[in-house]
Amino acid sequence: MHGNGKVPMFKMRPNMGALTGALVVFLLGALIFYEGHRDPGNIPAQDRSKLIFTISIVISGILLIVSTGRMWFKHLWHDRYAGKKRKHRKTRS
């Protein structure tokens, strides 16, 4: 329980920080991949750039899953408490 006994409301929006991080990591990996393949004679640089690009794709995928994690659970897709009103009990004195 949270606060006054109410369950926190989950919004159906992705986490923009993690989503932006995924985009930045992917773009940096693509840039390194491009730079590694500019010289066709430098085979070790090409291999390193492929490895770095693969790692950046994995990290971007993980960040994408983290940012949209709330959307993966169907039981969070609705607000159960929107229509219910709280009943107050009268105490006898």
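1. Helices here are DSSP runs of H or I with at least four residues, numbered from the N terminus, and on that basis S67 has its place in helix α2. The model is a predicted one, and the remarks below should be read with that in mind.

2. Helix α2 comprises 25 residues and reaches 36 Å from its first C-alpha to its last, which is close to the 36 Å expected at 1.5 Å a residue. Its buried residues are A45, Q46, S49, F53, S56, S60 and S67, and the buried residues of α2 pack against α1.

3. S67 deserves a separate comment: this residue counts as buried because its relative accessibility is 4%, under the 20% cut-off. When its neighbours within four places in sequence are left aside, S67 is in contact with P14, N15, A18 and L19.

4. On the aromatic side chains, the structure holds two aromatic pairs. One of them is formed by F26 and F53, a tilted arrangement with 5.8 Å centre to centre and 45° between the planes. This pair links distant parts of the chain, since F26 lies in helix α1 (residues 16-36) and F53 in helix α2 (residues 43-67), 27 residues apart.

Methods. Residues numbered from 1 in each chain as written. Predicted model: local features only at pLDDT ≥ 70, side-chain atom pairs only at ≥ 80, totals over all residues. Heavy atoms only, no water. Phe/Tyr/Trp six-rings, centres within 6.5 Å; stacked < 30°, edge-to-face > 60°. Helix = DSSP H or I, 4+ residues; strand = E, 2+ residues; numbered from the N terminus. Expected span 1.5 Å × (residues − 1). Buried < 20%, exposed > 50% of the residue type's maximum accessible area, 1.4 Å probe, protein only. Contact = heavy atoms within 4.5 Å.
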